[in-house]
Amino acid sequence: MTADPLVGRREPLALLDAAAAAAATGEPRVVVVGGEAGIGKTRLIGHFAARMADGGTWVLGTACVALGDEGLPLAPVTAALRLLVRQLGVDGVTGLLTGGDELVALLPEAGATSPGPGTQARLFELFAALLRRLAERRPVLLLIDDLQWADRSTRELLDFLSRTLRTGRVLLLGAYRQDRLDRGGPLRPLLAQLERLPWVDRVELAPFSRAETAELVGSLLDTSITGPRMDEIHRRSGGVPLFVEELARAVGPTAVPDSLRDLLLEPVERLPPAARKVVEVTAVGGRWVSHGALLATTGLAEADLLAALRLATGGRVLSAEGDGYAFRHELLREAVADTLLPADRARLHRRYATVLAANDYLVPTDRRDAELAHHWSGAGDPGRALPALLRAAGTAGRLFAHAEQARLLDRALRQWPAAEPAVIANLDRDRLFEEAVEAAMWAGETLHALDLIDRGLAEVDQVAQPERAALLLALRGMALQQLARDGALTAAEEALALAPSGPIAARARVLDLVSAVYVLRGLAEPALAIAEEATRLADQLGAAGQGVNAQVTRGWALTRLGRYDDGLTTLRAAADLAHRHGDVLGLMRARLNIVETQHHLGRPEAAVEEAGASRDLAGSAGVQQTLGVLLSWYHAESLTAVGRWDEALRVAGQVLDSDPMDPAVTGLLTLVADIALRRDDRATAAGRLDRARRLLGPSVQTPWFLLVLRLDAEFALSDNRPADACAALAAGLPRIRDRSAAPHAWPFLVTGARGLALAALRARTLGEPDAGAGLGADLSQAAAALPTDTPLWRAHSAQVAAELGGTTARWPDVVTCWEAVGRPYEAAWAGLRAAETAIAAGDRTAAGRWLAAAVDRAERLDAVVLDRQLRLLARAGRIPLPGGAAAPGVPAGRDRLGLTDREWEVLRLVAAGRSNRQIGEQLYISGKTVSVHVSNILAKLGVASRGEATATVHRLGLLGPDR
């Protein structure tokens, strides 16, 4: 292929050349080109691809395919594989890498017999490995056009390749129509995510300037156009190259069409009738139609068809692509199709469907059912469209394209009423509903699942069909719970009431779903009883998959009841059962709950190991956007707990960059914000917290609400605003009712207790109103409702008690509790408070030990805020630290504590560890006068010693260098 001359686009082309140069050094790059219809995206990337091919690059040019409302699942993968098979042969591709036969097996026409990749994750990994292996021979350009039609699996593939291809001479180049980029569409968030990656460039093609328009017109015509005529072309075209071309070819200003539609259709209308007829048939065929399909559908002799196609391609209406034909622009195809009467379109759709059904070779096998469904639907023949839709849904399912599978099944369900009885006689519509709901839930599209469920419930007669009603209600309860909406428990209870009795599969399924909803709602005791019955039924029925699910829920309920050893034993047994039966999703659920339990027990190292080994399961099970997000949160939480903050941020970042909609994203956002705040990166912390707040919306029922409130309180405390911290505490306390809230509630109460303690101290020393007055009893009541039966919960409980304990606080015991569960940051914080207590008691030796240990931990974590506080306290108490002087602090606003100017000067020197004699010498007053001032200061602060005074002003944040 040779590159044609390209007018304009110098800057985008320079960016593409730079990306190609970087990729050629072994640093993969990604470029995404967008723009409105006709702006020249395909022309630009085609020119660039031709140049790359001329330079020896391996060009794999593909495009996404739209059929009706759905994109064809993973069309770019199969298209790229076909190009390679055409160039290298089947043996050449299979010999490239271990697993190559699995990829080729996706192309049935290649004659492969392997069953294909076992999971979508496996498919993505193999395709990435294939690109890397090709790049060992020569640079590779993977070009994907028409991303606006990309199915979800193709979008996920692009995201996967963009993030994981970090070595190899590979350039990924995509293009999309900006006018098809719907505000709520799925491509928009993916582009935003990719744009944040440093190795990804996004280019939006702008319309041509007048000069560029003139350059384009000059390249098209033998005679130049200047003056008003050029102005007219530029104005009418808006600088869109496609329209510039058509306007420039129009004869005289009066021939310029007034509407875009007329403009687009003008080259078609110039064609002879026979060629125009072929163009109309091609328009109904879709974006691309093979030569064989066009020959069979038109019914023309091949010589006549070729003659018509020569006119259509010469007239710049169609272009030859491979062994088929496509319109120069999708807008042009749409305009041609719109000129046909509905009856004409239906007739041509029927003709296409008939031809494709009778001739397997006319379309690739993996596209055949989707195209048949498209054409039978267009023909108004639901009887034939329905089986094709179901087969296409099966193909999508085998490719792990769950979102596309759900939509195809949804279309099938919508066409069901119009189908002939003979067509649907042997089909189970109820089962199709369940499969569609399951696919939508697996895809993380819970709203779509809920819509399907509600449609099913509207049709069902609860008296005549109690089993079906019970299952739909149970599914509705789970969907509502996942969406944190009201009504989940009501739906589950209604399902339980309608569930059929006896050892039948229908009852087992309902019980399994209801028990899971009960656990999520904090009703672990009844959930356990229901899960145990579901387990027994599954055993009686020999339903291994159902047994795994029920056993996982049973283990989950046991842990929520505090029976941790029993719960872990049950969960491990469920994991073994799932592994034996190849139940990847069941194995994922079991291991997720094992991670959660280890985390709650205060065994973060074990949780880290288990989570790290389990995260790949999310891809294998196709639940990266749901259970995978929750697993990643526990993984990141456990890494944070053990002090591996940078690793935690990487895990969180990988998930957040994919922008899933699962509620657990809130946890990841607040985790990143918390670490950023501890490291004094307030901008990042505020941005992540704001995103978490917007994601959470108005819902306060979800437990993630407490994490957002806790960060609100942490921000307030960092600004010395205890009143705002107490307000956050008051908003969250009503949400804490039982032990199920413990994972989020205990950290929330720890922060709340700090807010109460600081508010009380400011009220006592500064005379402010006590913002936390009355909240202490509520906090204690909430804490009493939470479990203390694990080392982790006991550590939280000990810190809450210490914060509220005043002078009776046993901070050394709190340090020991945090050390026992391997949490260095919490231990360092408690060490700070233990040091304050020691200084107040005059025990500088003990204070030095606590400060040294805490500083070491803070430095290792890069917890700069805590490190600063520790060093300020050390300086005030004249306690030397390893490594030299204390870091300077940033003081809060000037609080006078009711002291006179002279008393304030004395207090600063007391806090700096000066003796009365030294203070007198520095202030030129007698030692006796200093003693009087010190006595007044202690009385006004309500403390008994100089050490207590030092600890108090430290806690109030008044030890800055300007004090």
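Guide: A cavity here is a set of grid points where a 1.4 Å probe fits but cannot get out. This is a predicted model, and a search of the whole structure finds seven cavities of 30 Å³ or more.

Visitor: What volume does the second largest cavity have?

Guide: The second largest cavity has a volume of about 120 Å³, and the elements that each give two or more residues to its lining are α27 (544-560), α29 (584-600) and α37 (742-766).

Visitor: Which of them gives the largest share of that lining?

Guide: That is α29, with three residues. The lining as a whole includes T559, R560, E596, H600, R739 and W793, and its residues divide into five nonpolar, four polar and three charged.

Visitor: Changing topic, how many helices and strands does the protein have?

Guide: The protein has 47 helices and 10 strands, and of its 963 residues 56% count as buried.

Visitor: And where is pLDDT lowest and highest among the elements?

Guide: Strand β4 (residues 70-71) has the lowest mean pLDDT, 54, while helix α40 (residues 811-820) has the highest, 94. Across the protein the average pLDDT is 83, with 88% of the residues scoring at least 70.

Visitor: Over which residues does pLDDT stay under 50?

Guide: That is the case over residues 885-896, for which the model has 33 contacts beyond four places in sequence. Where pLDDT is low, the predicted coordinates should not be read in detail.

How values were computed:
Residues numbered from 1 in each chain as written. Predicted model: local features only at pLDDT ≥ 70, side-chain atom pairs only at ≥ 80, totals over all residues. Heavy atoms only, no water. pLDDT = per-residue confidence, 0-100. Helix = DSSP H or I, 4+ residues; strand = E, 2+ residues; numbered from the N terminus. Contact = heavy atoms within 4.5 Å. 1 Å grid on protein atoms, 1.4 Å probe; cavity = no way out; pocket = protein on both sides within 12 Å on 5 of 7 lines; lining within 4 Å. Points joined across faces, edges and corners; volume = space filled by probe spheres on them. Nonpolar A, V, L, I, M, F, W, Y, C, P; charged D, E, K, R; others polar. Buried < 20%, exposed > 50% of the residue type's maximum accessible area, 1.4 Å probe, protein only.
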